[in-house]
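Visitor: I would like to go through some of the labels given to this protein and hear the grounds for each.

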Amino acid sequence: MHTDLTLWKVNRRYSDFIWLRENLIKFYPGIYCPPIPEKKPGPARLEDKFIEKRRLFLTQFINDLARIEIFKSSDVLIDFLSVQDRDRFDRKKEEYNSKKVPILLEDNLSFTGNVNLMEDCDKLDNYFNNIENYLNTQMQIFGEMKTNLNSYYNNINEAYLNLCNVEKNFDLLSKLNKKYSVKEGISKTYYELWKFFKNYKSIQYEQNDIIKRNIKRFFKYISMESQAFLELIKKRKEYKDNYKDKNSKLLDKKEKLWKDKNLNNWEIENINDSEKLQLFNDKNYAFNRMCTSETKDLNNTFDWLIKRMIAESYDLISDSPSKRIYEAV
């Protein structure tokens with residue numbers, strides 16, 4: 001594998017690509033990561049045709065990563081593309097495997113340190129809801145299309161076999177007339193019709209093969225893209241539900257502490273005597289001050305997994321799929 005701009009040239013195994021995607025998801029949870037082809041068992045994985053298809057797919061995977069701002073500046077991807085020595089790269093992999101997920105988005109592994117944040121959580125919710133509705137509807141249409149295409153394939157295969165039989169029939173008629181020399185004109189006509197159906201059959205076969213290959217590409221790549229994004233949305237909902245559950249429990253705890261009026265249990269840092277009266281009389285102020293560490297951890301979780309998820313990392317609707325479809329396998 002090589003990059004044109006930087007002239008990096010490295011050798012990477014299929015397992016390295018799996019490792020790359022897993023670590024990008026690990027260090028950037030909640031951010032869309034492009035799909036990668038599944039591992040194919042058996043001897044077919046050693047065939048030249050399959051290896052070339054997978055190479056094209058993995059090339060598309062890297063190109064898609066380069067379109068996502070936060071990924072293309074990540075240390076994980078930079079090392080994947082630039083570290084040439086195999087032993088050094090394996091050590092790098094071990095280092096990343098042992099690193100913990102950062103608590104804050106600003107602490108992400110980044111080559112440039114630049115991270116684009118989206119602070120409007122309501123706008124982000126609306127964005128993902130629209131994408132989810134779009135993808136679910138698209139998948140339903142895909143299902144109908146797949147059924148129609150399977151029917152088409154079955155009918156076209158039957159039609160192709162019929163053409164083969166017609167070709168054989170005209171070949172037999174041509175040979176029959178040659179054998180008995182009944183009529184030269186008819187024999188010539190039969191021969192021309194045999195050639196016509198033979199050529200027509202080849203054209204039909206090539207056209208049908210093109211349709212099958214392109215439609216297979218379409219379903220394989222776009223379906224995997226859609227599924228990866230739907231998994232992201234599902235994970236985001238799980239994060240948000242988890243946050244709401246923890247926040248609700250923390251509010252219940254603060255409510256009990258507020259009623260007890262025992263400052264020693266409120267876990268407030270750096271409190272002075274002048275603040276105590278306000279804490280007892282202003283519930284909102286008290287809630288903002290008490291349970292300092294728990295509140296901080298919960299807010300960090302919200303910032304990291306919900307509020308600051310990067311919607312601009314992948315705009316599925318506005319990005320033209322046709323280029324990706326025909327570049328992919």
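Guide: This is a predicted model. One place to begin is R86, which lies in helix α5 (residues 86–98).

Visitor: What makes the pairing of the side chains of R86 and D16 a polar contact?

Guide: The two side chains are 2.7 Å apart at that contact, and the cut-off for N or O atoms is 3.5 Å. Setting aside neighbours within four places in sequence, R86 touches N11, R12, R13, D16 and K93.

Visitor: How do you know that the span of helix α1 (residues 14–27) agrees with its 14 residues?

Guide: At 1.5 Å a residue the helix should span 20 Å, and its end C-alpha atoms are 20 Å apart, so the two values agree. The buried residues of α1 include D16, along with Y14, F17 and W19.

Visitor: Why is C164 called buried?

Guide: Its relative accessible area is 15%, and buried means under 20%. C164 therefore counts as buried.

Visitor: Why does C291 count as buried?

Guide: C291 has 0% relative accessibility, so it also falls under the 20% limit. The structure holds zero disulfides.

Terms used. Residues are numbered from 1 along each chain as its sequence is written. This is a predicted model: local features need pLDDT of at least 70, side-chain atom pairs count only at pLDDT 80 or more; totals for chains, interfaces and linings use all residues. Side-chain values use heavy atoms; hydrogens and water are left out. Helices (H or I, at least four residues) and strands (E, at least two) are DSSP runs, numbered from the N terminus. A polar contact is a pair of N or O atoms within 3.5 Å; within protein, one must be able to donate a hydrogen and the other to accept it, and residues adjacent in sequence count only if both atoms are side-chain atoms. Contact means heavy atoms within 4.5 Å. The expected span of a helix is 1.5 Å times one less than its number of residues. Buried means under 20% relative accessible area, exposed over 50%, partly exposed in between (1.4 Å probe, protein chains only). A disulfide is a pair of cysteine sulfur atoms within 2.5 Å.
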